[in-house]
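Dear colleague,

Please find below the structure that I am handing over to you. My notes on what was found in it follow directly after.

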Amino acid sequence: MKFFTSFRKKSPWILHYNAGSCNGCDIEILAALGPKFDLERFGVINTGNPKQSDIFLVTGPVTYRSRERLVELYSQIPEPKVVIAVGSCTTTGGVFRGMYNVEDGIDQYIPVDVYVPGCASTPQLIIDAIVKALEILENKSKEIEKPFKLFGSVETIGNKLSRLNMAKRVKHD
Amino acid sequence: MKKTIQIPLGSQHISLLEPIRFKFECENEKIIGVDADVGFVHRGVELACTRSFEFKQVGYVVARVCGLCAITHSLSYTLAAEKLLGYEANDRIKYLRMLMVELDRIHSHMLCLAHTAENAGFEALFMQIMADRELVMDLQEAISGNRVQFDFIAIGGVNRDLTPELTALIHKNLTLLSEKIDALIGLFNNNWSLSLKYKGVGVLRLEDAYTYNALGPLARAAGLATDVRVETSDFPYEDIGYTMILESTGDIHARNFVRLREIVNSIAMCRNIADNLPAGEILEKTKGKPKGEAVVRVEAPRGELFYLVRGNGGNMLERVRIKTPTFSGIPAMMEVFKSSEYADAPAILASFDPCMSCTAK
Amino acid sequence: MTKLETTLATLLADIGTFYEPKKWHFLTVNGIDLGEGKIELQWIFSKYGVKDEIVIYYALSDYETPVPSLVSLIPSAFMGEREIVDMFGLKVDGAERGLYLDEDSLQHPLRSES
Ligand code: SF4
């Protein structure tokens with residue numbers, strides 16, 4: 001287990017999804033991955049496969065047609081995972097707030113860990129957000145690896161979930 | 001046994017920057033039919049322009065239709081609104097606007113070239129072009145204050161002026177860039193493995209370009225001489241050294257070359273503008289409310305952008321119709337896919353430089 | 001910019017005599033809601049290689065009358081036609097809903113009363 005954790009910390013892979021953005025933030029993500037800002041020197045690699053990713057970078061205010069894909073992609077990323085909302089329109093809806101085909105921000109659908117403001121957010125901000133996300137990712141993996149008993153009185157699954165702050169995703173009383 | 005197989009591409013895929021879904025009908029490796037779903041990014045900007053925003057704000061809203069050609073969107077809207085207000089900009093404003101549009105074209109074309117290289121399997125070339133592109137991004141940031149959404153154009157003028165230091169910076173960066181572009185032209189011309197991926201792949205014939213109303217670099221690569229920069233008189237493009245770039249083969253290679261040579265042309269135009277900037281105010285007061293109907297066409301990096309604006313003399317507009325380049329390019333694109341190999345599909349798609357957030361608005 | 005009036009019944013004949021693929025670039029189909037159930041439809045063309053030459057054919061109609069499709073003359077017209085079907089809820093021969101909105105969506109966002 002130690003083995004995997006250390007890799008996860010050193011090279012988080014990101015999955016990028018455009019949920020209806022204007023492209024402005026997407027090209028800034030590309031620029032952040034490119035040679036000048038060079039996120040890849042931290043081992044951050046853009047992958048197309050949700051099953052291999054740790055960080056979910058989302059842009060766009062979530063349009064009506066892309067919301068199912070968003071939730072689907074989110075649920076395919078294995079735990080632990082961190083979600084970053086890049087851009088003003090992703091965090092609140094931005095200029096698109098209130099338009100008829102728009103759902104006003106991704107936190108209506110999936111829990112968000114890091115919000116990045118700006119229209120468009122600069123590559124520097126995106127790098128900051130990913131560094132922050134690494135911290136959160138490490139905390140999350142630590143929490144997930146704490147031992148617990150399935151039976152007996154040490155800790156129930158419900159307790160564990162609420163300790164991990166995942167309780168709102170799974171309904172239990 | 002079934003003869004054909006269906007292969008989906010998208011909506012989320014490593015080679016796609018934006019969500020679009022293709023359904024390829026394939027016979028072995030050959031694509032024989034295409035179906036595209038382009039509506040993933042539909043937000044409803046056209047309606048919001050007439051219901052939620054006043055005509056002075058709309059210029060900044062339509063910029064958010066597309067981040068890559070944001071400046072052409074706000075420019076077209078502003079031109080239309082200025083026509084309705086009966087205002088004509090002075091020469092300095094026109095030149096500054098042209099400068100930003102051409103810089104935007106350079107960076108957009110470079111992004112497309114990088115993307116085509118990546119989708120053909122050349123990761124190193126992608127990185128190299130992205131590094132060179134930062135020269136233009138720095139210029140844009142220095143001139144307008146933001147790297148992507150610069151909100152440079154306002155009704156009645158532009159929001160920032162060019163200082164002598166900026167002129168020097170423009171010359172410095174563009175000199176550096178033009179050397180790199182020359183090297184790229186050599187590379188795209190002579191590299192053997194690039195030519196395997198690009199030459200003769202994804203051909204659009206001239207007749208098809210006419211029938212399907214192709215536009216922009218897609219049409220010019222096929223030999224169709226159309227460019228809105230010479231078909232409108234809103235801007236004095238002839239004065240600053242515009243030449244139309246035409247290729248004839250219509251394949252990915254030709255499209256890359258149209259882009260590369262247009263970058264060279266745009267660099268020359270930007271230098272001319274920086275040297276010969278006329279004197280004048282940069283932001284003038286406009287009076288009145290828009291009334292009547294105006295149409296405007298502007299050449300965006302991907303082709304012709306069309307705006308129709310109708311106002312009734314109030315603060316709110318009656319109709320803003322946005323026709324974006326990719327929207328009318330899609331029929332021609334679907335034609336090119338037919339009868340090409342499935343393995344080439346990502347590279348062909350990238351060479352069209354499709355912009356979905358433009359298409360779906 | 002030249003504006004020419006036509007009607008839905010004579011549209012195909014008018015455009016058929018006017019349109020030549022090598023001369024005219026077909027831009028798009030446009031709809032403008034005039035209120036009270038009336039709608040103005042526009043077919044917009046521009047001339048290759050000539051400055052500022054735009055021709056707009058327009059016809060007045062309402063939401064119910066079926067609009068003839070131009071696909072037989074201009075194969076690339078289907079995009080614009082599907083768009084006005086979605087946005088205004090019109091009926092165009094051969095163009096179905098579902099470009100931007102769902103196939104079974106009841107919305108027609110650009111109508112003035114919605
Ligand atoms: S925040 Fe602004 S620049 Fe970024 S995707 Fe949204 S609208 Fe575009």
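B:R310 is buried, with a relative accessible area of 12%. Please note that the model is predicted. The partner of B:R310 in a salt bridge is C:E40, and their closest N and O atoms are 3.1 Å apart. B:R310 belongs to strand β7 (residues 303–312) of chain B and C:E40 to strand β3 of chain C, so this pair joins two chains. C:E40 is also buried, at a relative accessible area of 5%.

**The interface of chains C and B**

In this interface, 44 residues from chain C meet 37 residues from chain B. The two chains bury about 3300 Å² between them, and 57% of that area is on carbon and sulfur atoms. Three salt bridges are found across the interface of chain C and chain B. One of the salt bridges in the structure links the side chains of C:E83 and B:R321, at 3.1 Å from N to O. There are also 14 residue pairs in polar contact between chain C and chain B, with both residues at pLDDT 80 or more.

On the side of chain C that touches chain B, two or more residues each come from β2 (24–35), β3 (38–47), β4 (54–62) and α2 (78–88) of chain C. The largest share, ten residues, is given by β2(C). Sorted by class, that side of chain C has 25 nonpolar, eleven polar and eight charged residues.

**The interface of chains B and A**

Here 40 residues of chain B are in contact with 38 residues of chain A. Chain B and chain A bury about 3200 Å² between them, with 63% of it on carbon and sulfur atoms. Of the area that chain B buries against chain A, 21% is supplied by B:Q12, B:L17 and B:R43, more than by any other three residues.

Two salt bridges are counted between chain B and chain A. A:K36 and B:D138 form a salt bridge in which the closest N and O atoms are 3.0 Å apart. Six residue pairs, both members at pLDDT 80 or more, are in polar contact across the interface of chain B and chain A. For the side of chain B that touches chain A, α1 (45–51), α4 (91–119) and α5 (123–144) of chain B each supply at least two residues. The largest share of that side, eight residues, is from α5(B). Its classes are 21 nonpolar, ten polar and nine charged residues.

**The ligand site**

Which residues lie around the ligand? They are A:S21, A:C22, A:C25, A:G87, A:S88, A:C89, A:F96, A:G118, A:C119, A:A120, B:R64 and B:Q149. Because the ligand is surrounded by residues from chains A and B, the site is shared between chains. The shell divides into six nonpolar, five polar and one charged residue.

**Two individual residues**

A:R65 is placed in the loop between β3 (55–59) and α3 (67–76) of chain A. At 12% relative accessibility, A:R65 counts as buried. Apart from neighbours within four places in sequence, A:R65 is in contact with B:D37, B:G39, B:F40, C:G98, C:L99, C:Y100, C:L101 and C:D102.

B:T50 is in helix α1 of chain B and counts as buried at 14% relative accessibility. The side chain of B:T50 reaches the backbone oxygen of B:L47 at 2.9 Å. Not counting residues up to four places away in sequence, B:T50 touches B:M316, B:L317, B:E318, B:R319 and B:V320.

**Salt bridges within chain B**

Over all chains, the whole structure has 32 salt bridges. One of the pairs is B:R92 with B:D161, whose side chains meet at 3.0 Å, N to O. B:R92 lies in helix α4 of chain B and B:D161 in the loop between β5 (157–158) and α6 (164–190), so the pair ties together parts that are 69 residues apart in sequence. B:R92 is buried, with a relative accessible area of 11%, whereas B:D161 is partly exposed, at 34%.

B:E102 pairs with B:R229 in a salt bridge, the closest N and O atoms being 3.5 Å apart. Since B:E102 is in helix α4 and B:R229 in helix α10 (residues 228–231) of chain B, the pair ties together parts that are 127 residues apart in sequence. Both are buried, B:E102 with a relative accessible area of 0% and B:R229 with 4%.

With kind regards

Technical notes. Residues are numbered from 1 along each chain as its sequence is written. Chains are lettered from A and ligands numbered from 1 in the order in which they are written. This is a predicted model: local features need pLDDT of at least 70, side-chain atom pairs count only at pLDDT 80 or more; totals for chains, interfaces and linings use all residues. Side-chain values use heavy atoms; hydrogens and water are left out. A residue is near a molecule or strand if one of its heavy atoms lies within 4 Å of it. Ala, Val, Leu, Ile, Met, Phe, Trp, Tyr, Cys and Pro count as nonpolar, Asp, Glu, Lys and Arg as charged, and the others, Gly among them, as polar. Contact means heavy atoms within 4.5 Å. Buried area is the accessible area (1.4 Å probe) that two parts lose on being put together, summed over both. A salt bridge is a side-chain nitrogen of Lys or Arg within 4 Å of a carboxyl oxygen of Asp or Glu. A polar contact is a pair of N or O atoms within 3.5 Å; within protein, one must be able to donate a hydrogen and the other to accept it, and residues adjacent in sequence count only if both atoms are side-chain atoms. Helices (H or I, at least four residues) and strands (E, at least two) are DSSP runs, numbered from the N terminus. Buried means under 20% relative accessible area, exposed over 50%, partly exposed in between (1.4 Å probe, protein chains only).
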